[in-house]
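The following exercises concern the packing and overall layout of a protein chain. Each task is followed by a worked solution.

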Amino acid sequence: MNMTMHLSPRLEAVAQAVPPGACVIDVGTDHARLPVWLVQMRRVRRVVATDLRPGPLEGAAALVAQTNTDDRIDLRLTDGLSGLEPEDGDTVVIAGMGGETMVSILSDAPWTKQGTLLILEPQTKQAELRSYLTKNGYVVMSERLVKDAGRIYPILTVRGGDSPAYSQAELYTGLYAQIGNDPLFDEYLSRLMARLAQAAPYDGTAADVLMELQEMMKRRYMSMATVQEIFTALAQKAPVEGKLDFDNVGLLVGRGSREVHRVLTALDIVDEVIDEAVAMGADLIVSHHPLFFDLKAVTDATWTGSRALTLAENRIAAICMHTNLDAAEGGVNDALMAALGGYVTGQLDQASSIGRIGMLAGEMPFSQFLPQVKSALASNGLRYHDAGRPVKKLAVCGGSGGGEIALAYQAGCDTYVTADVKYDQFLEAKYLGINLIDADHFCTENVVVPVLTGWLKEAFPGLEVHIAQSHGQTAQFY
């Protein structure tokens, strides 16, 4: 006999999270409903279905036989992932268990951090599970909520990797950037707050989390700013009049009247950043580098046009603050000087207000300053000329500042930190006898992204602002 398997809303949501063509390990398969459905829908190549109890596994065997799926479902009697290896599956599903049980299973299977996709549906102890994941080499890629028989369940998609920081409340709710736009989030949050309110008089942690959730709820319903209001606030910090003539800054994509709930900040609006913004439900990207300078068509025939088109299709606005942010007080170059441990004493280029002159608190050998720069800017490597001078008075220019070496020398600086330095400019530094460090364009300017984020949070306390995690230094060193 052949029969078509039907799943509950909870299990169907879990099944939909399984990528097509996967080889799945279903932990605690119970009666193998999920594996049978995955095979019948031709969603997977094969499934290893495990359970630690002989009874349910016998029931699973009967269902597999009834549905003629035994050629692609391998049933195993085992505890969790005990005895299984990475070769058994590229996707692990653990559903219908408590979070503490999932922690135990994953603790005994560290190989799951090495490229395995995890789909987790914890029934209880979700905060304990998220806490374990964030501290033990896993990153939650996405979360969604599903309602089944009156209950709301979170479904986590997880891989090995470095996790962003969670607030105490987000350990209970999931990362707000991932879950905040879910249609069930408000109901989920209300139920969670009701449970915590009952425990709060006797549990200090519950009381603290409840207070944080109440603030989250308050911010959630505050009146949000518009795209134009955000641009106006940024322009007060970095006046557009401070840009260079060639530049293209301001609101480059989107409607100024649109309300903004979530912002992503980044140095560049590249494909990965756009994908991240789409995934988190962002309404606006604020970047340093302009998306375009002389765009003539918005089509997918060019990389620039394709990105602009994708933003528009997903209703994501783009605000770009470039050379005006280089020149602004507190902008790129002030942030760069601060990152290197110096304090600003003047401007490098008086005409443009771009670049800074500053001092370190104390003199240090150039050989000691180099690793400090590399670490402070998270650079993959430095190109440099060592003039044999200790570092005390330095000049900085985020981005392409090789043309200002003479200005740094004339200001009496012993060291100049910038990027995109050409061969002849290294020769010039050697001739002048000044230390020169090329620390990469991205690294010398990315220091301003946290500054932008701070400005936005200060101006709009109810706005959710996140720094892009998908974009980093492009240049590598062999």
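**Exercise 1.** Identify the residues with the most contacts inside the largest nonpolar core, and the element that gives the largest share of this core.

*Solution.* The model is a predicted one. Its largest nonpolar core comprises 50 residues. Within this core, the most contacts belong to Ile230, Leu234, Val263, Ile319, Phe369 and Ile437. Helix H10, spanning residues 227-237, supplies the largest share, namely six residues. As general background, nonpolar side chains in soluble globular proteins tend to be buried together.

**Exercise 2.** Determine which residues are in contact with Phe369, leaving aside its neighbours within four places in sequence.

*Solution.* Contact requires heavy atoms within 4.5 Å. With the sequence neighbours within four places set aside, the partners of Phe369 are Leu340, Leu360, Met364, Val391, Leu394, Thr415, Val417 and Ile437. Ile437 is also listed, together with Phe369, among the core residues with the most contacts.

**Exercise 3.** Describe the chain as a whole: its elements, extent, burial and charge.

*Solution.* Begin with the elements: there are 19 helices and 18 strands. Next, the C-alpha atoms fill a box of roughly 85 × 55 × 50 Å along the principal axes. Of the 478 residues, 53% count as buried. The accessible surface is about 21,500 Å², and carbon and sulfur atoms account for 51% of this area. Among contacts with a separation of 6 or more, 67% join residues 24 or more positions apart. Finally, the chain carries 39 positive and 58 negative side chains, and the centres of these two sets are 3 Å apart.

How values were computed
Residues are numbered from 1 along each chain as its sequence is written. This is a predicted model: local features need pLDDT of at least 70, side-chain atom pairs count only at pLDDT 80 or more; totals for chains, interfaces and linings use all residues. Side-chain values use heavy atoms; hydrogens and water are left out. A nonpolar core is a set of buried Ala, Val, Leu, Ile, Met, Phe, Trp, Tyr and Cys residues joined through side-chain atoms within 4.5 Å. Buried means under 20% relative accessible area, exposed over 50%, partly exposed in between (1.4 Å probe, protein chains only). Helices (H or I, at least four residues) and strands (E, at least two) are DSSP runs, numbered from the N terminus. Accessible areas come from the Shrake-Rupley method with a 1.4 Å probe; for residues, only the protein chains shown count as cover. Lys and Arg count as positive and Asp and Glu as negative; His and the chain ends are not counted. The place of a charge is taken as NZ of Lys, CZ of Arg, CG of Asp or CD of Glu.
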